Amino acid sequence: MTNSVDATMPPDERPDPPAPPSPLEFQPLDFRSEIADKLRQLYSEIEREPIPDKLLDLLEKLDEAEAKSKR
Amino acid sequence: MTQDVPTFKQAMLAALPSLRAFALSLSGRPDRADDLVQETVMKAWAKQDDFRLGTNMQAWLVTILRNSYYTQMRKRGREVQDSEGTFTSRLSVAPSHDGVMDMADFRRALNDLPADQREALLLVGASGFSYEEAAEICGCAIGTVKSRVSRARTRLQAVLDISGPGEYGPDGTNVSVATRVFAG
């Protein structure tokens, strides 16, 4: 992974100030929780959709253009 | 026989469904999501020499996409909500029917999160990245990702609790107990 992402790092990506020492502050995500279930459900609904033709066409064109340029 | 090493294009194709899910969930806008994915595909193609086959294509694409997203947000002059934002005033996400929060409600609640928290939650909870990978993608410390996920989780849980069965509401027993206590 390059660090070029830093150049476009939005202000909100700067590290947060130290969190107050609260025992409740860092609750890890429980992967069996309702929230985790809903997140996976949300993703799988979208992942089941066919990839839009526009995107497939774009990849084909990029691939063709590259193949031509290498000849 | 040649070995079946996926080409760059094949690896990208395989990563697209999950990338679309991330784009749509992060932006909350179907129209914008596919533009983001398209832009990501073009950028990734142009930078493919930076990518080594066998490394994590998904993480690489997600990094490009989320950077494009934040760049677009800034260009649109839309402020990325700060983490302590206005969520509490919007906690009253109404469930569409009693006791069940359906996907539309959940999406709405997710969209109401500050973008940095939504992103962290999606990367760890849905895209399946580790906290370490998510930190690298976001260009921040692991502790920051953990904190964002934790806050997102707490806020979403509050919404789920509100829309869940009213087990803390005043039921007959509570009312009669309270009446007795205060009458005494």
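Predicted model: local features only at pLDDT ≥ 70, side-chain atom pairs only at ≥ 80, totals over all residues.
Visitor: Let's start inside chain B. At roughly what angle do the axes of helix 1 and helix 2 of chain B cross?

Guide: Two packed helices are described by the angle between their axes and the distance between the axes. Here helix 1 covers residues 8-27 and helix 2 covers residues 30-46, and their axes come within 9 Å. The crossing is right-handed. Its angle is roughly 145°.

Visitor: How many nonpolar residues does the contact of helix 1 with helix 2 of chain B have?

Guide: On the helix 1 side, the residues that meet helix 2 include B:Phe8, B:Met12, B:Leu16 and B:Leu19. Helix 2 brings B:Leu36, B:Val37, B:Val41 and B:Trp45, among others. By class, this contact has two polar residues, four charged residues and, for the nonpolar class, 13.

Visitor: Now for the two chains together. About how much area is buried between chain B and chain A?

Guide: The size of an interface is often given as the accessible area lost when the parts come together. In this model, 60 residues of chain B are in contact with 42 residues of chain A. Carbon and sulfur atoms give 64% of the buried area, which is about 4700 Å².

Visitor: Which residue of chain B forms a salt bridge with A:Glu60?

Guide: Between chain B and chain A there are four salt bridges, along with seven residue pairs in polar contact. In the salt bridge of A:Glu60, the closest N and O atoms are 2.9 Å apart, and the partner is B:Lys9.

Visitor: Which helix of chain B gives the largest share of the side that touches chain A?

Guide: That side of chain B divides into 29 nonpolar, 16 polar and 15 charged residues. The largest share, 13 residues, comes from helix 7.

Visitor: What separates A:Glu34 and A:Lys38 along helix 1 of chain A?

Guide: Their side chains meet in a salt bridge, with 3.7 Å from N to O. The two residues are four apart in helix 1 (residues 34-47) of chain A, so the separation of A:Glu34 and A:Lys38 is about one helical turn.

Note on methods. Residues numbered from 1 in each chain as written. Chains lettered and ligands numbered in written order. Heavy atoms only, no water. Axes fitted to C-alpha atoms, helices over the stretch in contact; angles between N-to-C directions. Left-handed = near helix turned anticlockwise from the far one by under 90°. Contact = heavy atoms within 4.5 Å. Nonpolar A, V, L, I, M, F, W, Y, C, P; charged D, E, K, R; others polar. Buried area = accessible area lost by both parts, 1.4 Å probe. Polar contact = N/O pair within 3.5 Å; in protein donor to acceptor, adjacent residues only side chain to side chain.
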